[in-house]
Amino acid sequence: MIWSEYITVNTHDCDKHGNARPTGIFRIVQEAAYMHLCSLGQSEDELRRDKRAYIVSNIGIDVIKPMKMGDKVEVRTWENNSAGAKFMRYYSVLRGGEEIVSGSCVCALINIETGRLMRVGESGYTFGRSGEGRTPSVDSHGAMSKELEYVKVAEYPVLYSFIDRNDHMNNTCYADMMFSAVPDCVDKQLAAISISYLRQAKLKDVLTLYLAEANGTYFVKSELPDGTLNSTAAIKVR
């Protein structure tokens, strides 16, 4: 089924130009996804009762037109092409019937006691098939290319306000962090972003951000204090 939710763009999720920040967009589409799950008996409390939780491994969006402060948008979300341990979700955001954002998300369903990944067939949940969707036009996996030359651009402490119920930095918080690494981002608009989450960031971790650029795409990666890779992103701006 396609779930449709009407959401008003919050003033506090917008930048100085009145455009929704990357994290603001991520929160809007994921709120619709959460309401879809709730309608199927998969609220966070219900999942935890069954010792389960969804963990996002990758999410990306294309911003066709900026989402503006005060916009009332229709957010459509649906599941399709899920297989193995990969749950695939798509998004489409419309303003006045016109699509302004599209994207997709890859999740895993885990047993929160054992950490074991659950396969789609054994999850016991049925989403139905609601048609194809579009994956983002940038690929965060490109950040792993050995041809990229990275420079350190910032350190980013993981504060209490970033921590969610799973006791790690919430996936939506990464979007603003990654976009802020783009040179002169204050005067640019987000065109596309894709983020892969590789290892959890915990409270009081200090992430180190590195930036590279190739063929008009910015690549950002974050490392944990021990030097292991935490996340990667690919970003296009206009």
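Me: Hi! What should I know about the model before we start?
Reply: It is a predicted model, so local features need pLDDT of at least 70 and side-chain atom pairs count only at pLDDT 80 or more, while totals for chains, interfaces and linings use all residues. Residues are numbered from 1 along each chain as its sequence is written, and side-chain values use heavy atoms, with hydrogens and water left out.

Me: Okay, how many disulfides does a search of the whole structure find?
Reply: The search finds 0 disulfides, a disulfide being a pair of cysteine sulfur atoms within 2.5 Å. Cys14, for one, is in no disulfide, and the nearest cysteine sulfur, that of Cys185, is 16 Å away.

Me: Is Cys173 buried or exposed?
Reply: Cys173 is buried, because its relative accessible area is 7%. Buried means under 20% relative accessible area, exposed means over 50%, and partly exposed is in between (1.4 Å probe, protein chains only). Cys14 counts as buried too, at 5%.

Me: Switching topic: how many salt bridges does the count come to?
Reply: The count comes to 12. For a salt bridge, a side-chain nitrogen of Lys or Arg has to lie within 4 Å of a carboxyl oxygen of Asp or Glu.

Me: Which residues are linked in a network of salt bridges?
Reply: Those are Glu44, Asp45, Arg48 and Arg165.

Me: How about Asp50, which side chain does it meet in a salt bridge?
Reply: That of Arg49, at 3.8 Å from N to O. Arg49 is exposed, with a relative accessible area of 57%, whereas Asp50 is partly exposed at 36%.

Me: Last one: where is Ala214 found, and what does it touch?
Reply: Ala214 is found in strand β9 (residues 206–214). Leaving out residues up to four places away in sequence, Ala214 touches Leu148 and Phe219, where contact means heavy atoms within 4.5 Å. Ala214 counts as partly exposed, at 25% relative accessibility.

Conventions:
Helices (H or I, at least four residues) and strands (E, at least two) are DSSP runs, numbered from the N terminus.
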